[in-house]
Every structure is written in C-alpha cells, then in structure tokens.
Amino acid sequence: MDYKNAGVDIEAGYKSVELMKEHIKGTMRKEVLTHIGGFSGAFSLESFKNMEKPTLVSGTDGVGTKLKVAFELDRHDTIGIDCVAMCVNDIACAGGEPLFFLDYIACGKNEPEKIAKIVSGVAEGCKQANAALIGGETAEMPGFYPVDEYDLAGFAVGIVDEKDLINGKDLRKNDVIIGMASSGIHSNGYSLVRKIFNIKEQYLNTYVESLGSTLGETLLTPTKIYVKALSDLKAANIKVKACSHITGGGFYENVPRMLSDGFHAVLRKKSYPVPPIFKMLQEDGDVAEHVMYNTFNMGIGMMVVVDPLDVDAAMATIKAAGETPYIIGEIISGEKGITIEEA
C-alpha cells in the first residue's frame, strides 16, 4: 500500500506545479522575492516606504456554486478570474492597491491539465489586477470531493496610505452615486440560478436569442475586475468618498456597507440597462423584484460616490479605464440604508 493507492498522486502534484509555472510567471512584480514551489511567498514593501502610514488591506473569497456550471461544461479556464476578482475588488473598494494573491484548490483527483487551466484563469485575473500570484496550494482529497469536482478559493493582500482609505466618513448630502456595469451575474447567487435553470450540458449549450449566446457562456462570463478604474480615479485626484462592491446580498446588503451614519442612498432602477440574464432569471423563476435586488448585482458590479463637481471627470476617467459608468443615484440625509426608486 502506498499514497497513490490511497488516492493521492504525488507525481500528479509535481506535474501540476510544472504546468502552472508558465501562467504564474506572467503575474510577477519586481517586489516578489521568492519562487514558485517554495514554502512561502515573500513580497518586499520597500517600494511603499514613502507612504505616511502604509496600511495593509486584505480580502478572501471563493467562487461558490458557479463551479457547478464549470463542471457540467468541463470548462475551467475562466473560473479563476472570478476567484481573483472577488478578492481584489474588495481591496480596491477600500482604496487599496492589490499586491499579491494566493489560491487554494481542493479536488477529488489531481488532473494536472485541469489544474493548470484553473490556474491560467487565476493568473489572468492577477494580470488584470496587477497582482502577483506568489503561492497557493492544491490539495488532493479523495473521498471528500467527487473525482471530477473541486473547490477554489483565494486570498489577496493590498496596500493603501491610511489617509487614502475609502470609508464613507466624508459623505455629504447630494453626493452622486456612479455605478459601473457588471459583466453579468459575476459570482454570486448561483444557488438560486441553479434552482431556476436546468444546468445540464444540453440545456447550457442551447443558444438563447435574448442573451446573444448560449446560456452556459453567459453563466460562465467572468466577474469584472475594477482595480484599474478605481486606481485611475485616484491617480486623477478624484476623491471617491464611498465605494461598494456589489456581491452576495445584492444592493440591499452591500450599499449600506459604504454609508456612514446619517446618510441614505437613493438609487433609480431606470438609470441604466439591466442585462437580459436578470430578466430571464426573474421571469423563469417567478422571483420577486425585491429578491432580485437582494440577491444579484442587477447589472452594476461596483458603485462609487463622488462630489457633484467631480461627476463629469469621474465618468470620463471610468470610461477611459474601459468600464461603462452610469449615474444611478444620490446620497440624502436619513437613516443608513437604501431606497430603490422606479424612475
């Protein structure tokens, strides 16, 4: 009896590391001091010593049951982008610059080519966020996961000067809320998605006219990474007073998280186009509108709040960064929370 007979293939683990090295290499930053395959990842903070009060910010998250769609379609090359996005968007939301990322893959059977595809997506997400992929873990766990399934999670660290933290303390009445378009469902709400849609391969590969693609392609569209847009706003000296990454819990849970006491957000439904996938979900699942806005991003992946005088410059900067912005509401005085208006 040996470890391989027990279900863990050490040689497959070695091969996985070799296959992923090429993807990882493209994410390296000059501050990385270690190589892939070591016991830990080291990252120099020498470049940031001129900050007045350098402050580390961190984020950790997984992909959730969106993975079930990837399993059904046997497509694993983009799911890593979602994992990175969920972590680095949270860091950017606080005003931070993502520095490095680590991933954790737990699987029933280590198939090196599949693991390399997953990591290629992680590496692509890191490139979009300008974060180094400095380490990770692939755990083969036979008997715990089915042989054709895995879980994927990640952890990111960023840095910000304490004075540049985005925390809502400077909010004022009449400040303007700008929403940045999402790429679709992103990586939240898939337990409800899977209850509404038949996610078997045949159905997922069916072309849907209103979506302009197959259902599977729409559901696997990677989460947008908003790091560049937020970084460019900072570089343009446009003060972001508050920021909300619209993830699990949709508008109703995430928008209040960016508000300070005494302020209320008013959002307008018709201020931007809601992508067809959300209308399809609502109709096919007979889902109440409040539930939709309390579960999904409804087409807005990131919100920023700026002074009315900065709106034009902020809109132009976000567009130049490759994102699509909409003026979707404003801040009023009142109890912390949100109101979503029809108009």
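Predicted model: local features only at pLDDT ≥ 70, side-chain atom pairs only at ≥ 80, totals over all residues.

User: What volume does the largest pocket have?
Analyst: About 680 Å³.

User: Which residues are closest to its centre?
Analyst: Gly13, Val17, Gly136, Glu137 and Thr138. The lining of the largest pocket has 28 residues.

User: Which elements give two or more residues to that lining?
Analyst: α1 (10-25), β2 (97-107) and β3 (132-140). β3 gives the most, with eight residues.

User: And how does the lining split by class?
Analyst: The largest pocket has 13 nonpolar, eleven polar and four charged lining residues.

User: OK, next one. What's the volume of the second largest pocket?
Analyst: About 490 Å³. Its lining has 26 residues. Nearest the centre are Gly95, Gly96, Leu230, Ser231 and Lys234.

User: How many of the lining residues are charged in the second largest pocket?
Analyst: Seven. Another 13 are nonpolar and six are polar.

User: Where does the second largest pocket lie relative to the domains, and why?
Analyst: Between domain 1 (3-41 + 49-164) and domain 2 (175-341), because both give residues to its lining.

Terms used:
Residues numbered from 1 in each chain as written. Heavy atoms only, no water. 1 Å grid on protein atoms, 1.4 Å probe; cavity = no way out; pocket = protein on both sides within 12 Å on 5 of 7 lines; lining within 4 Å. Points joined across faces, edges and corners; volume = space filled by probe spheres on them. Helix = DSSP H or I, 4+ residues; strand = E, 2+ residues; numbered from the N terminus. Nonpolar A, V, L, I, M, F, W, Y, C, P; charged D, E, K, R; others polar. Domains from an automatic or database assignment.
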